[in-house]
Amino acid sequence: MTPSHSATHSPSYSPSHSPSYSPSRTPSPDRPSPTPSRSASARPSPTPSNATTPPRTGDWPGPGNTGVPAGVALKRSDSLVITKDGTVIDGLDVYGDITVDADNVTIRNTRVRGQRDYWGILQREGHSGLTVEDVEVFGNGKVRTQFGILNQGKMITIRRVDIHTISNGICTEQGVVEDSYLHDPKYYSGDHTDMIMSTSAPAKGTQLVIRNNTVINTLDQTGAIALFQDFGVIRDVTVEGNLLAGGGWALYAGAGTKGTSSNVKVIDNVFSRQVWPKGGHAGPVAYWDHEGSGNVWQGNIWEDGGVVDPGKS
């Protein structure tokens, strides 16, 4: 999963910031191979927590509190390859991609207009510590940008990011994704489309935390959040306090053919019916390992406060 490409630097498009689904401010309440099986009939039927959590109040991440803050002046840039540790990128309008071949890089207050077939931002294998905050990443809607943010390295922190008009929003096995708005993916023939995706276990000594995001897949496949066993057994993942809607299933919860997932905590998320009546086109959640060691399903509700039961998807 290490594509190479020659950048072009003459796109002539502007970002679309008119999502087809906008999060309620006060809620009542081509992906890399191999491709995992996604048959709905294959999912286990766990027993959920009986606790009912009241719908959260306050602002969900959306166009007003993610991406480049209002009033920030941006300077145009072509694609960038970062090779110096500790580099800070601030205030750029990047017509192309940003490839990070260094440690502890920060990208902030920046707009990234992703390249054809590849990514907006990439942290390469062997590197760690990338922070992406107050950034917008998108494709042009005519040719595919496959990933908004692709992490092949170790730790990454993503916060207050607006990602849209891409095939896959974020792909990472470890790190923190928080306070971000992922929405309105673009389908291209043959794609599987996920907004936040993990394809294996996190690196030793790390975990993946996905919290307080608005994650809206306006298509009928694949997921809003997808924990897949493409390359290893899912473990040490927390999905907490997110607003989820759309895709085939709004949440693929980590079960698969390579083994039983463990220490997967799905807590206090709100599932919306505003894209599909069932949350996702087929239902709210699939592939939950109810017998996995340390797995927790707790406080997950519909916008009206009803309990989301992963055994009745």
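A residue counts as buried when its relative accessible area is under 20%. Keep that cut-off in mind for the views below, which all come from a predicted model.

**View 1. Threonine 238 sits in strand β17.** The strand spans residues 235-240. Is threonine 238 buried or exposed? Its relative accessibility is 14%, which is under the 20% cut-off, so threonine 238 counts as buried. Leaving aside neighbours within four places in sequence, you can find Gln207, Leu208, Val209, Ile210 and Lys265 in contact with threonine 238.

**View 2. Here is the largest nonpolar core, with 47 residues.** Which residues have the most contacts inside this core? They are Ile98, Ile107, Ile121, Ile149 and Ile225.

**View 3. Now meet isoleucine 98 and the residues it touches.** Not counting residues up to four places away in sequence, isoleucine 98 touches Leu80, Ile82, Ile89, Ile107, Val112, Trp119, Gly120, Ile121 and Leu122.

**View 4. Strand β7 covers residues 147-151 and is mostly covered itself.** How many of its five residues are buried? The count is five of five. Which strands pair with β7? One is β5 (residues 119-123), which runs parallel to β7 and is joined to it by four bridges. Look for tryptophan 119 opposite phenylalanine 147 in β7. Another is β10 (residues 168-171), which pairs with β7 in the parallel sense over three bridges. In that pairing, leucine 150 stands opposite cysteine 171 in β10.

Methods: Residues are numbered from 1 along each chain as its sequence is written. This is a predicted model: local features need pLDDT of at least 70, side-chain atom pairs count only at pLDDT 80 or more; totals for chains, interfaces and linings use all residues. Side-chain values use heavy atoms; hydrogens and water are left out. A nonpolar core is a set of buried Ala, Val, Leu, Ile, Met, Phe, Trp, Tyr and Cys residues joined through side-chain atoms within 4.5 Å. Buried means under 20% relative accessible area, exposed over 50%, partly exposed in between (1.4 Å probe, protein chains only). Contact means heavy atoms within 4.5 Å. Helices (H or I, at least four residues) and strands (E, at least two) are DSSP runs, numbered from the N terminus. Two strands pair if DSSP finds at least two bridges between them.
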